[in-house]
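Welcome! Take a look at it first, and then read on.

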Amino acid sequence: MTVRELVLKVHSRCDLACDHCYVYRHADQSWRRMPPLISEKTLRQVARRLAEYAGEQRLASVAVVLHGGEPLLAGPARLRSICAELTRALTPQTELDLHIHTNGVRLNRAHLDVFREFGVKVGLSLDGDRAANDRHRLDHRGRSSHGRVRRGLELLRLPEYRHLFQGLLCTVDVANDPVLVHDALTALEPPRIDYLLPHATWETPPPPGRPGTPTPYADWLLRIFDRWDEQGRPVPVRTFDSILSTLRGGPALTEALGLAPGGIAVVETDGTITRSDALKIAYEGAAATGYDVFRHGFQEFAEFAEQAEHAGPPARRSGVSETCRRCPVVADCGGGLHAHRYSTARGFDNPSVYCTDLRALIEGVAERITERTLAPAVTGPGELAQARLRLDRALLARVNTELAGSADWDDVWRLLVRLDSDETTAPHLDAVLSHPYLRPLLTRSPDGTADLPRFMAAATAAALRAGVTATLRWEQPTPLVHLPTLGTARLSRPGRVQFRVAAGDFRVRGRGPAPGGPGGSAVVLSGWRPLAALPLGQGPPLLIDDADPYRDCFSAAVTPLLDPGALDAFKGRLTTAYGLLDAREPGWREGVNAPVTTTITPLAPGAGLRLGSCGSGALGVATDFEPEEFVRELPRLGRRARLAALREVLDLHLPGSPAGRLLDLASEYVGRAAGPSPRARSARALADRVLTELSALPPRELTENGTYLVDQLRSERATLHD
């Protein structure tokens, strides 16, 4: 385990008496033995140990969360000295990402000025409107905290502090109306909301909810999901975003869900290093490790935590239980929060006390995001290509939403709209948009100016292909400008550039930083290398792209730029291979599983043929491939590529369903099943078995699109004789 986040307790007492608090109201009462305020000596030692660890591990960044108790009890002056010490010690080694988690009762301008000085992001606990919040969050005299928290929030939302607002944490209470709670929180326009299940174990179970409701917490959260979806998902909700991510094969976004190992250490006000605070709900000493910052470094703690993750006794081990390992949603649930698995009989070797709710929540989200109606894209290759293009256009529109307001980008967006509005130029824009190596940039949320040069280069390529007159200007961070589908321009240096496009040609000028002195120097075009093309006699030629900076999306190394001789040899092999395939399988290009390849990228010798993870249309081919290997492998990869393309634009099955794996296997085995060889006979038997397993799944597991594919595979299998 690598420690990437430190929860630093700066004050161990609290000015609220929340009756669901894991620190004060559960089994572990070690807070009573802690100094109320972290000392200067302890703070310096924490900072020194963490800086040493960041340097040893070469960590690019470390997050430190100021916590409690209630950290604002330390006061603005003490909080400033804490931030200053951490900054002094850590910034020579790594980037310091400072946060604070507070109940917000005492939040004032003096605190916020300190947080602004050090860039401290503020997370705040609030359980909804006044009625919902005050069910649990009262002070020690039984008075409401809601009004005081709202006053602090209003300050945090002022323009000078708004950039510090990290989000709201809300503890679920099924006695509250979920829609009223959610609307009260979204009305505050937080950057993020996190809904947390109340801490509970098998020994101290959560409140049961309404009688006759087997999954009250799932039902409550799903009502919020529906409301959030109805609103257009205006604010990230971490629980939902994590489930949506893992259902589509992505990472978990919270320690409460998913199988990703944690990277968190906690330091108490006396300097002891513990595991997750939430473990304190289990038993006295559950979070203890025996380590402290005076006698131990964070590397020793990380090694201890790694051992506990895999090799400790079941009572303390972090791995999921056998019950969880057999569960179909384990990749999305991860067994739930570790602390919620505890029982005196089996320690943590149990499913979560919220097991039934978590499964119902995940399956409920999966059902809600699954489109079941049969789509034209599954019945014809042309419709599939159009569906993928519509997706690319939708992604580009999202990019515009993110980058709108930049003068450079706004000019380019007007150019793109003009290209799209003319039926003679729109196909050229489509060709650039559908280039597979632009897809990674389209699918991730743009990173402001970091991504802008790539989009500007793509727009330049579209204008150049269309033969229109246009001028595009931007800050270019490197001397190489790759124009997708066309080639690479080499500039004399990076800097502010202007590409002037006219009649299918372009000129470059601009100013860059002068080496070794003030002022600037001219940026000029010093070279142009076009991409090679492979004409096949049918349809547009294939691109040979050995230059795009985003082409490294294969499970093998790509080659550097090929020299002219190597490029000619590679093209010759491809021409021979396609000729063999045409001779042996006439009409293969019209088949439903024919690979819709637009771009071939040379791979390192020995890599064979591979599909990329960057989107349909890309094929990686080793420079030393044999044409016979190509003829054998390309149809099989075509099947995989079709499934991957279909999954980009429609749903074949419920997310996380075993139907996904079975569809892959059935397509693979049917593709290998032709012929009299022993290998083909084995593939036919395996195809039969997998198709039987697909038939045995509950009907809801497959959409109409998935059912269509399975029927297609059965028909194809029926034509193959044993």
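Let us begin with a cysteine. Cys324 is buried, with a relative accessible area of 7%; buried means under 20% relative accessible area, exposed means over 50%, and partly exposed is in between, using a 1.4 Å probe and protein chains only. The closest cysteine sulfur to that of Cys324 is in Cys355, at 6.0 Å, which is too far for a bond.

A word on the background: this is a predicted model, in which local features need pLDDT of at least 70 and side-chain atom pairs count only at pLDDT 80 or more, while totals for chains, interfaces and linings use all residues. Residues are numbered from 1 along each chain as its sequence is written, and side-chain values use heavy atoms, leaving out hydrogens and water.

**Cysteines**

How many disulfides does the structure hold? There is one disulfide, a term for a pair of cysteine sulfur atoms within 2.5 Å. Cys553 and Cys614 form it, with their sulfur atoms 2.3 Å apart. Cys553 sits in the loop between strand 17 and helix 18, and Cys614 in the loop between strand 19 and strand 20, so the pair ties together parts that are 61 residues apart in sequence. Helices (H or I, at least four residues) and strands (E, at least two) are DSSP runs, numbered from the N terminus. Both Cys553 and Cys614 are buried. Cys14, by contrast, is partly exposed, with a relative accessible area of 21%, and its sulfur is 6.0 Å from the closest cysteine sulfur, in Cys18, too far for a bond.

**The sheet and its helices**

Five strands make an open sheet in the order 16-17-18-20-19, with mixed pairing; two strands pair if DSSP finds at least two bridges between them. At the edges are strand 16 (532–534) and strand 19 (609–611), each pairing on one side only. From one strand to the next, the twist averages 30 degrees. Strand 17 (residues 542–544) pairs with strand 18 (residues 599–603) in the parallel sense, over two bridges, and Ile544 stands opposite Ile600 in strand 18.

Helix 18 (residues 564–584) lies across strand 16, strand 17, strand 18 and strand 20 (618–622), and runs at about 15 degrees to strand 16. Helix 19 (residues 627–649) lies across strand 19 and strand 20, at about 10 degrees to strand 19. For these angles, axes are lines fitted to C-alpha atoms, for helices over the stretch in contact, and angles run from 0 to 180 degrees between N-to-C directions; contact means heavy atoms within 4.5 Å.

**Aromatic rings**

The whole structure has 21 aromatic pairs. Rings of Phe, Tyr and Trp (its six-membered ring) pair if their centres lie within 6.5 Å; planes under 30 degrees apart count as stacked, over 60 as edge-to-face and the rest as tilted. Two of the pairs are shown here.

| Pair | Centres apart | Plane angle | Class |
|---|---|---|---|
| Trp228 and Phe240 | 5.3 Å | 40 degrees | tilted |
| Tyr283 and Phe348 | 6.5 Å | 45 degrees | tilted |

Trp228 lies in helix 7 (residues 216–230) and Phe240 in helix 8 (residues 238–247), so their pair ties together parts 12 residues apart in sequence. Trp228 is buried at 1% relative accessibility, and Phe240 is buried at 0%. Elsewhere, Tyr283 is partly exposed at 24%, whereas Phe348 is buried at 0%. Ring pairs also link Phe570, Tyr578, Trp588, Phe625 and Phe630 into a cluster.
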